[in-house]
Amino acid sequence: MIAASSHLGTSDLATSNLSTSYLAADATAPLTTAGPAQLVIAALVGIAAIVALIVWGKLHPFLSLMLGSAVLALVAGIGLTDTFTAFTKGVGSTVGGTGVLIALGAIIGMLLVKSGGADAIVEGFLDRTTAGKLPWVMAALAFVIGIPLFFEVGVVLLIPVVMLAAKRARQPVILLGIPALAGLSALHGLVPPHPGPLIAIDALGANLGLTLGLGLIVAVPCVVLAGPVAGKFMARWVPIPAPDTFTAGEPVAEEDRPGVAVSLSVVLLPVVLMLLRTLVETAWAGGTGNPAHSLVMFAGTPLVALLATSLYAMWVLGMRGGRGLKEVSDLVGASFAGIAGILLIVGAGGGFKETLVASGVAGVIGDWLSGAAISPLLAAWLVAVFIRLATGSATVATITAAGIMAPIATGLDPATTALMVLAIGAGSVFFSHVNDAGFWLVKEYFGMTVPQTLKTWSLMETILSVVGLITVMLLGLVV
């Protein structure tokens, strides 16, 4: 993953729970003695401050989250000298855990793009495809490309292909573009190692491998219904032809590209390692101490899986492509520039979440939701939807919803906790509109008006979110 995403913000994420560790460590020294009503007001005021600063003040989300945390702390009655105590703790924990995984993902994404491996995957999917199958192929292609790449990177990579394919097939660009966008958006919101799901996994103490497996299951109907199925109708409403020209940038010479199989192996290696760990952990629970069991558990740890994949990508996409170690190292260094913004946002989001927990706000809201006649999965989705609509940021929605739902997650079984992560992820992509940078990115790339973007992109995001919730709820009945 090589670019920060607003569509979007623990060495072992499978067992960590930052939200509860803070309370455990400081249970005898609460930061505030405010009552429930004051704490709820503090949460609302803090969130409102973040919304106002991002939407109307046009302030960067990093500073908005930082100032919103301060507002929340002060209204909750936390002393002035302790205003940023929980915030700094949350920033350090989040960047130290989730941030490292994002950095490794950035290396993989950079090498895929610069080596031409991503192009090889794209052309491999499109080879010998009939016009009628193009929407489905675009959705499948985006699904695969979307595993290791940030949303914006996937858009930049796939849009030239969408335009070219639409032009050759003489089909509306929306017919092919919506399936591609659905695939990218579903993976971005539901499947680690994307930042949003990683943040929620971290905050709720979910099992990463289990969440990854369930996330892929949930993503399939989301992509199918929000992509090729919905795109067929949207293309009638907005029958935009592909432009005559579209500059995709300087391509990598075909003879210098890695093969499709090699490129796909880089994309799928971390997924396979993490899923294998989950299977072994479930089916071979009594194998603790066995060397093979220990090796699989070690290799499937998120940090190890992504580190191994990064080193593998440096070899098969970098050095085997004719680059020297110095050139490959330069590409690795260049990949970090694109994630500076997302690391800051994710870190500040972790700080805001930790302030929610330390002040007791998350506990109060969690107690209320626990006593309410509503499914915790539905509650998680609704909280994420509210924050998404207000701020336009999937990352901020994920961070805030995860912080609020953390107390409830402590009493859930692993499968339900993983499904709560996915419910939050589904809610975080609900109805992208004018306060989301992704809205404008799609509008400009496709050359649509604001109403046309609302009838296509925004509706697609809403369908994806609702289908995601329904699928999560159905899975909750059987797992």
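## A nonpolar patch at the surface

A surface patch here is made of residues with over 30% relative accessible area and no salt bridge, and nonpolar side chains are joined into one patch within 5 Å. In this predicted model, Val466, Ile470, Leu474, Leu477, Val478 and Val479 form such a nonpolar patch, with about 580 Å² of accessible area together.

One of its members, isoleucine 470, sits in helix α21. With a relative accessible area of 46%, isoleucine 470 is partly exposed.

## The overall picture

Let's step back to the whole protein. Its secondary structure comes to 21 helices and 0 strands. Of the 479 residues, 57% are buried. The protein exposes about 18,100 Å², and carbon and sulfur atoms supply 69% of that area.

## Salt bridges

How many salt bridges does a search of the whole structure find? The count is 3.

Start with lysine 326 and aspartate 330, whose closest N and O atoms are 3.0 Å apart. Both residues belong to helix α14 (residues 325–337), where they are 4 residues apart, about one turn of the helix. Lysine 326 is exposed at 60% relative accessibility, while aspartate 330 is partly exposed at 42%. Another salt bridge links arginine 323 to glutamate 327, with 3.6 Å between the closest N and O atoms. Glutamate 327 is partly exposed, at a relative accessible area of 42%.

Then there is the salt bridge between the side chains of arginine 388 and glutamate 461, at 3.3 Å from N to O. Arginine 388 lies in helix α17 (residues 376–391) and glutamate 461 in helix α21 (residues 450–476), so this pair ties together parts that are 73 residues apart in sequence. Are these two partners buried or exposed? Arginine 388 has a relative accessible area of 1%, which makes it buried, and glutamate 461 is buried too, at 0%.

## Aromatic pairs

The structure has 2 aromatic pairs. In one, the rings of phenylalanine 84 and phenylalanine 87 have their centres 5.9 Å apart and their planes at 75 degrees; the pair is edge-to-face because planes over 60 degrees apart count as such. Phenylalanine 84 is partly exposed, with a relative accessible area of 33%, whereas phenylalanine 87 is buried at 4%.

Tryptophan 381 and phenylalanine 430 also form an edge-to-face pair, with 5.8 Å from centre to centre and 90 degrees between the planes. Tryptophan 381 is in helix α17 and phenylalanine 430 is in the loop between α19 (414–427) and α20 (437–446), so the pair ties together parts that are 49 residues apart in sequence. Tryptophan 381 and phenylalanine 430 are both buried.

## A kinked helix

Where does helix α18 kink? Helix α18 (residues 394–409) has a kink of about 35 degrees at glycine 403, shortly before proline 407.

## A buried serine

Serine 310 is found in helix α13 (residues 302–318). Its relative accessibility is 2%, and serine 310 counts as buried because the cut-off is under 20%. Which residues does serine 310 touch, not counting those up to four places away in sequence? The contacts are Leu104, Ile107, Ile108 and Leu111.

Notes:
Residues are numbered from 1 along each chain as its sequence is written. This is a predicted model: local features need pLDDT of at least 70, side-chain atom pairs count only at pLDDT 80 or more; totals for chains, interfaces and linings use all residues. Side-chain values use heavy atoms; hydrogens and water are left out. Helices (H or I, at least four residues) and strands (E, at least two) are DSSP runs, numbered from the N terminus. Buried means under 20% relative accessible area, exposed over 50%, partly exposed in between (1.4 Å probe, protein chains only). Contact means heavy atoms within 4.5 Å. The bend at a residue is the angle between axes fitted to the seven residues ending there and the seven starting there. A salt bridge is a side-chain nitrogen of Lys or Arg within 4 Å of a carboxyl oxygen of Asp or Glu. Accessible areas come from the Shrake-Rupley method with a 1.4 Å probe; for residues, only the protein chains shown count as cover. Patches are made of residues with over 30% relative accessible area and no salt bridge: like charges are joined within 9 Å, nonpolar side chains (Val, Leu, Ile, Met, Phe, Trp, Tyr) within 5 Å. Rings of Phe, Tyr and Trp (its six-membered ring) pair if their centres lie within 6.5 Å; planes under 30 degrees apart count as stacked, over 60 as edge-to-face and the rest as tilted.
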